[in-house]
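Subject: Handover of a structure and notes on its features

Dear colleague,

Please find the structure below, together with its sequence. My notes on it follow.

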Amino acid sequence: MTVTVYVPRDTTALSLGADQVAARIEQAAAERGVELKLVRNGSRGLFWLEPLVEVDTGEGRLAYGPVMPEDVPALVDAGLFDGGQTHALALGLTEEIPYLARQQRLTFSRIGVTDPLSLDDYTGLRGFEGLKKALTLDGQGILDEVKASGLRGRGGAAFPTAIKWQTVHDEPEGQKYIVCNADEGDSGTFADRLVMECDPYMLIEGMTIAGLAVGATQGYIYLRSEYPLAQKIFNEALARAYAAGYLGEDILGSGRHFDLEVRLGAGAYICGEETSLLDSLEGKRGMVRAKPPLPAIQGLFGKPTVVNNVLSLAAVPFILDQGGQAYADYGMGKSRGTLAIQLAGNVKRGGLVELAFGTTLRELMEGFGGGTLSGRPLKAVQVGGPLGAYLPESQWDNPVDYEGFAAFGGVVGHGGVVMFDDSVDMGEQARFAMEFCTVESCGKCTPCRIGSVRGVEVIDRIRAGENRDANLELLSELCETMVDGSLCAMGGMTPFPVQSVLKHFPDDLTRSRGGAPC
Amino acid sequence: MYKHNNPSAEGLSTPPPDDQPQSQPEQIQQAVDSLKDQPGAMLPILHAIQDRFGYIPDDAVPIIAESLRHTRAEVHGIISFYHHFRTHPAGRRVIQVCRAEACQAVGARALEAHAKASLGVDFHQTSADNEFTLEPVYCLGNCACGPSIRVGDDVHGRVTPARFDALVEDLTTSVVSLRGGMKP
């Protein structure tokens with residue numbers, strides 16, 4: 001009898017030794033004469049359990065984790081190949097692990113379940129059903145479904161996706177583009193990477209539907225160069241999708257046309273800003289453009305262009321397949337559907353949590369995350385990437401939704417939640433926010449280019465105890481200037497973490513550090 | 001622990017390996033010609049050249065400028081804008097240490113200091129024996145299992161200073177066994 005064993009192949013699992021685990025399992029099976037079918041699946045997103053090994057049994061898939069290569073012989077001795085549950089790493093049925101069972105996985109329903117490159121696995125779990133539906137509709141019909149879902153841009157700006165699409169749709173016929181922003185630069189985020197490494201056909205399907213909706217025949221995925229594995233897996237998926245007729249000049253025999261290509265970024269955070277991304281795709285320095293004109297009217301190469309985040313496009317196949325209303329049934333207020341929250345930093349149980357909008361940060365960090373990895377008390381959490389505010393405990397009971405967060409100066413952004421324990425020096429974090437901006441500013445506008453450099457200097461003076469009150473006032477004014485005067489969110493939001501430290505953790509900034517002032 | 005001894009190795013000149021192509025400009029021209037007709041060809045061309053040579057040689061700038069009808073200054077401006085592109089050869093391996101917030105929360109600052117001390121270099125420098133170039137990186141997308149580093153295309157998670165040393169040791173040993181001896 002063949003035993004099917006799953007060992008994930010996403011970046012995180014590999015970073016913790018999944019390849020060596022797989023090799024040991026193959027070796028053990030060979031030694032025992034066990035007929036093994038080893039599947040390299042995607043990750044379930046339960047990262048604290050990676051490498052998470054699963055064994056298929058009659059009752060479902062049984063999980064073991066985190067499995068280190070040296071654990072394999074003992075696991076096999078304890079009956080791994082029969083689904084034995086006596087070993088300390090045995091976790092029972094994967095689907096019943098509470099962290100996973102309590103989620104509402106609409107977009108991420110397949111990750112970790114399937115072999116990412118298997119078209120059979122994908123279509124076996126409703127893959128390409130959304131595309132088939134879309135092929136029966138005209139552009140406006142697709143748009144109406146997306147409109148009904150209430151989907152808003154998951155990259156951070158939360159702009160209604162259907163309105164963007166409608167604008168491109170309503171432009172005169174001609175060359176139009178779909179551009180997927182896969183420049184996932186925010187620290188604490190990995191959901192785009194998971195889509196591309198663990199369920200790549202979903203993104204291909206979402207982009208194709210977008211192309212059909214607005215009348216675009218060419219799509220580009222702008223992928224950051226820090227994700228070499230995502231590039232490799234996705235390009236292989238593209239080749240297979242072309243070969244199977246899901247892309248190209250005659251999609252599934254419909255006569256409709258859509259081409260898709262991955263373009264690699266080159267290590268510039270600013271290229272996650274949509275206009276800078278477009279300049280980079282055109283082969284220029286990734287400089288931010290002034291808006292208007294909107295990319296939807298004059299985007300890539302001056303043509304009408306939809307620029308969407310990976311997660312926005314990845315939500316589309318579900319919406320077309322199940323209907324916009326089915327998606328809108330999740331969520332609260334104007335934030336409809338689910339949000340992919342990524343628990344990161346100093347967290348005991350880090351990973352992907354997909355839930356309807358409305359859960360509190362505390363529930364996420366404690367209920368799901370289990371508190372800090374270090375076991376020390378949580379002190380601060382940065383939500384929404386390096387441009388997001390540091391939130392103190394008084395703000396952890398707010399429900400996560402776009403309007404609710406905006407009301408107290410928070411940013412949901414791309415859903416990254418980076419946790420810090422009480423050993424963190426918030427003064428150092430404030431300084432880093434400015435330093436990051438000096439490294440990554442495109443340089444086009446002065447508040448961002450010069451302001452960030454001055455910001456680092458003035459924070460250094462404050463921390464050294466030099467003219468403290470005057471410099472604190474100067475820092476506040478500098479933050480205001482950057483917020484009000486910058487061309488894009490880079491300079492405009494870099495002050496958010498700094499201001500939050502000034503407001504909520506001022507002692508960390510002004511506490512004298514040991515030694516002489518520098 | 002593996003220790004590198006010369007702290008100022010930037011710009012170290014090394015003899016080209018035996019398989020160094022005879023005519024670099026011809027190879028560059030070939031790479032440019034194969035890509036220049038696609039829309040927005042600049043980044044694909046720069047990636048292709050760096051993938052081939054490990055950096056963007058000075059010779060490439062006039063060739064790209066001519067082929068894409070840019071000025072040399074424009075090409076230089078594009079290369080220098082992106083952190084990924086380098087204009088000098090790196091060591092045999094590039095080690096990127098993540099400096100971003102999620103890794104900071106679990107000890108990235110200590111790891112960064114350890115990496116610099118252990119290799120005897122600062123960021124953007126190459127160790128004296130030309131084995132390792134150390135670079136900062138702002139997020140590898142492994143944020144639940146930091147601190148993270150990347151060596152070549154491999155990402156490593158939960159990298160403690162001890163694990164960093166073990167990795168460097170492994171990489172050094174494999175180089176030695178491949179070559180059958182340590183370089184002087």
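How many of the 8 residues of helix H9 (residues 191-198) of chain A are buried? The count is 8 of the 8, so helix H9 is largely enclosed by the rest of the structure. A residue is called buried if 20 or more other C-beta atoms lie within 10 Å of its own, exposed if 12 or fewer, and partly exposed in between, with C-beta atoms placed from the backbone. Helices (H or I, at least four residues) and strands (E, at least two) are DSSP runs, numbered from the N terminus.

The model is predicted: local features need pLDDT of at least 70, side-chain atom pairs count only at pLDDT 80 or more, and totals for chains, interfaces and linings use all residues. Residues are numbered from 1 along each chain as its sequence is written, while chains are lettered from A and ligands numbered from 1 in the order in which they are written.

Chain A has a mean pLDDT (the predictor's confidence in each residue, from 0 to 100) of 96, and 99% of its residues reach 70 or more. Over residues 514-518 of chain A, pLDDT stays under 50, and the model has 5 contacts there beyond four places in sequence. Two residues are in contact if their C-beta atoms, placed from the backbone, lie within 7 Å.

**Domains and the contact between chains**

Chain A is divided into domain 1 (2-101), domain 2 (119-328), domain 3 (331-421) and domain 4 (426-510); such bounds come from an automatic or database domain assignment. Taken over C-alpha atoms, the centres of domain 1 and domain 2 of chain A are separated by 33 Å. Their contact takes 5 residues from domain 1 of chain A and 6 residues from domain 2 of chain A. On the domain 1 side, these divide into no nonpolar, 4 polar and 1 charged. Here Ala, Val, Leu, Ile, Met, Phe, Trp, Tyr, Cys and Pro count as nonpolar, Asp, Glu, Lys and Arg as charged, and the others, Gly among them, as polar.

Chain B has domain 1 (24-81) and domain 2 (93-179), whose C-alpha centres lie 29 Å apart. Between the chains, the contact takes 34 residues from chain B and 48 residues from chain A. Helix H2 (42-53), helix H4 (72-81), helix H5 (101-104) and strand E5 (154-156) of chain B each supply at least two residues of the side that touches chain A. H2(B) gives the most to that side, with 4 residues. By class, the side of chain B that touches chain A has 21 nonpolar, 10 polar and 3 charged residues.

A nonpolar core is a set of buried Ala, Val, Leu, Ile, Met, Phe, Trp, Tyr and Cys residues joined through C-beta atoms within 7 Å. The largest one has 211 residues, of which A:Val179 and A:Val381 touch the most other members. Helix H10 (residues 200-214) of chain A provides the largest share of this core, 10 residues. Not counting residues up to four places away in sequence, A:Val381 touches A:Leu361, A:Met365, A:Leu391, A:Val417, A:Val418, A:Met419 and A:Phe420.

In chain A, 5 strands form an open sheet with mixed pairing, in the order E13-E12-E16-E14-E15. Strand E13 (351-356) and strand E15 (390-391) stand at the edges with a single partner strand each, so one side of each is left without a neighbour in the sheet. Strands count as paired if DSSP finds at least two bridges between them. Strand E14 (residues 378-383) and strand E16 (residues 416-421) of chain A run antiparallel and are joined by 5 bridges; the bridge partner of A:Ala380 in E16(A) is A:Phe420.

**Individual residues**

A:Asp186 lies in the loop between strand E6 (177-182) and H9 of chain A, and is buried, with 32 other C-beta atoms within 10 Å. The C-alpha atoms of A:Asp186 and A:Gly384 are separated by 7.5 Å, although these residues are 198 residues apart along the chain. Leaving aside neighbours within four places in sequence, A:Asp186 is in contact with A:Gly385, A:Pro386, A:Gly413, A:His414 and A:Gly416.

Most residues other than glycine have a negative phi, and most peptide bonds are trans. A cis peptide bond joins A:Glu50 and A:Pro51, with omega about -10°. The bond from A:Pro292 to A:Pro293 is also cis, with omega near 5°. A:Phe128 has a positive phi, near 70°, and counts as buried, with 23 C-beta neighbours inside 10 Å. B:Arg158 has a positive phi too, near 45°, but is partly exposed, with 15 other C-beta atoms within 10 Å.

With kind regards
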